[in-house]
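Please walk me through this structure in the viewer. Tell me what to select at each step and what is there.

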Protein chains: 2
Amino acid sequence: MKGPCAVKITAACIQFPVQFAMADANRAVMADLVGSAPQADLLVLPELAVSGYDFPDLATAQSLAESFEEGPTRRLVTALAAERNATLIVGYAEQAPEGLYNSCMLVMPDGAAVNYRKLHLFNREQRWFLPGDKPAPVVDTPAGRIGLLVCFDWFFPEAARSLALRGAQILAQPANLVLPWCQRAMFARSVENRVFTLTANRIGTDTAAGRELCFTGQSQIVSPHGETLAAAPSDAPATITATLDLALADDKTVAGENHLFENRRPEFYPGL
Amino acid sequence: MKGPCAVKITAACIQFPVQFAMADANRAVMADLVGSAPQADLLVLPELAVSGYDFPDLATAQSLAESFEEGPTRRLVTALAAERNATLIVGYAEQAPEGLYNSCMLVMPDGAAVNYRKLHLFNREQRWFLPGDKPAPVVDTPAGRIGLLVCFDWFFPEAARSLALRGAQILAQPANLVLPWCQRAMFARSVENRVFTLTANRIGTDTAAGRELCFTGQSQIVSPHGETLAAAPSDAPATITATLDLALADDKTVAGENHLFENRRPEFYPGL
């Protein structure tokens with residue numbers, strides 16, 4: 001197994017049409033897609049990949065939520081991470097004692113796992129989910145130091161910045177994107193922080209809430225220099241992969257005489 | 001004259017090839033271009049538009065610097081702002097008692113003026129210029145509330161964020177861009193802060209430092225929703241204009257139930 005200092009890793013984003021409320025079926029699809037993916041050190045799947053996204057009411061959200069510690073998705077992802085010898089990141093609806101969170105779990109090949117509760121809830125999510133109660137984590141994994149974002153977190157440059165300042169080489173973003181901006185903006189998140197960004201978005205449409213909510217696909221892997229290393233279509237399942245040279249993310253120098261982090265002037269950013 | 005609450009304004013970016021060390025000639029070109037520009041409430045010109053950019057040594061930089069209070073560029077810009085009834089923003093090399101700054105001046109039609117000293121110096125600039133010693137200003141002008149950035153400041157999302165959080169509707173960026181990323185990244189600066197971004201870049205090549213430094217043009221005006229309202233070529237002089245509906249920049253709501261500023265979670269951004 002590669003140690004945390006591995007320099008080159010292979011990463012994949014898996015994009016597929018989650019079927020609303022079909023948790024068992026979605027887990028089966030996830031297992032198939034992870035099982036048939038090219039060998040990779042890191043596999044990122046969409047937000048709420050088990051439950052679907054657009055809940056009609058709280059009761060439906062509750063019925064599809066599960067615990068981080070011992071839910072069926074955790075068991076499946078743990079088994080898949082061991083089987084594929086990969087770090088997996090999957091979004092799911094978390095049932096906690098105090099309520100629900102829109103969370104993602106990161107599970108390593110040895111079963112070690114970290115949970116992240118989305119800090120910036122989008123639109124009607126705020127009706128079912130509690131906002132995250134801890135900073136997004138940066139996790140040392142066999143696939144590098146990974147910072148976690150979920151979907152709408154992208155809109156807040158502070159979130160990605162904080163992860164990068166704490167050493168993240170890769171920002172992994174399970175997503176259920178419906179607005180048109182994120183994929184283009186992740187170029188800036190990569191360049192300004194000099195990190196790899198991996199966006200695993202879903203496709204398809206949720207209709208259970210009495211409206212058609214369409215997800216935009218276009219999962220992508222962007223390099224610290226803003227190159228799109230891999231990109232998926234907007235309307236078809238896809239597993240995209242790229243080799244990531246993590247040393248690129250460790251070098252924060254620009255044009256020889258600048259350093260993107262050391263040149264920050266925090267005393268001159270009032271209001272932040 | 002429009003008051004600070006005017007909702008629609010016309011803005012222009014003026015792109016031209018500054019001639020290194022030809023201060024009088026550059027001022028004459030500026031006067032011609034401002035004089036012949038379409039009527040606009042706001043005119044943004046490039047960084048170091050009088051001196052040129054790539055100084056071979058400190059003595060050359062000093063010989064081309066002038067005071068904010070009473071230099072010839074300030075006199076010219078004040079006259080042009082009155083003549084055109086417009087707010088003008090121009091980059092210049094500032095001579096202060098303690099040393100040089102890479103500054104830009106904002107001058108309103110009535111002659112009121114604000115100075116900004118670039119906070120994030122790029123590459124060899126650090127050899128001649130002192131880094132800015134105050135936060136970038138947000139200025140209430142007849143053309144709206146304008147936040148100032150100079151060139152490499154774009155790389156630091158905190159800089160634009162701070163201006164937007166302090167009420168800027170427009171980010172005006174005199175630039176001498178040589179790296180390939182800024183114009184694409186300003187899309188994110190506009191969208192994440194819901195502000196207009198105006199990038200006035202120069203074209204041409206500086207050679208006085210014994211190397212060829214080429215500037216990338218492509219000045220642009222981007223809306224708070226990420227639309228490119230106007231864009232210049234990479235290799236020709238251009239004056240681009242757009243009508244800016246400033247109300248778009250005042251509305252920070254997203255998808256009905258989100259607010260880009262109120263939804264920030266500053267307690268969960270460690271390291272910033």
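This is a predicted model: local features need pLDDT of at least 70, side-chain atom pairs count only at pLDDT 80 or more; totals for chains, interfaces and linings use all residues.

**Stop 1: a strand in chain A.** Select residues 138-141 of chain A, which make up strand S7. Show the side chains. A:Val139 and A:Thr141 point to one face and are buried.

Stop 2: Opposite A:Asp140 you will find A:Arg145 in S8(A).

**Stop 3: where chain B meets chain A.** Display both chains and select the contact: 48 residues come from chain B and 48 residues from chain A. Between them the chains bury about 4,600 Å², and 61% of that is on carbon and sulfur atoms.

**Stop 4: charged and polar pairs.** Zoom in on B:Glu158 and A:Arg264, whose side chains meet in a salt bridge at 2.7 Å, N to O. Chain B and chain A have 8 salt bridges between them. Residue pairs in polar contact between the two chains number 26.

**Stop 5: the chain B side.** Colour helix H4 (125-128), helix H5 (157-165) and helix H6 (182-193) of chain B; each supplies at least two residues of the side that touches chain A. Which helix gives the most to this side? H6(B) does, with 7 residues. Coloured by class, the side of chain B that touches chain A shows 25 nonpolar, 10 polar and 13 charged residues.

Conventions. Residues are numbered from 1 along each chain as its sequence is written. Chains are lettered from A and ligands numbered from 1 in the order in which they are written. Side-chain values use heavy atoms; hydrogens and water are left out. Buried means under 20% relative accessible area, exposed over 50%, partly exposed in between (1.4 Å probe, protein chains only). Helices (H or I, at least four residues) and strands (E, at least two) are DSSP runs, numbered from the N terminus. Two strands pair if DSSP finds at least two bridges between them. Contact means heavy atoms within 4.5 Å. Buried area is the accessible area (1.4 Å probe) that two parts lose on being put together, summed over both. A salt bridge is a side-chain nitrogen of Lys or Arg within 4 Å of a carboxyl oxygen of Asp or Glu. A polar contact is a pair of N or O atoms within 3.5 Å; within protein, one must be able to donate a hydrogen and the other to accept it, and residues adjacent in sequence count only if both atoms are side-chain atoms. Ala, Val, Leu, Ile, Met, Phe, Trp, Tyr, Cys and Pro count as nonpolar, Asp, Glu, Lys and Arg as charged, and the others, Gly among them, as polar.
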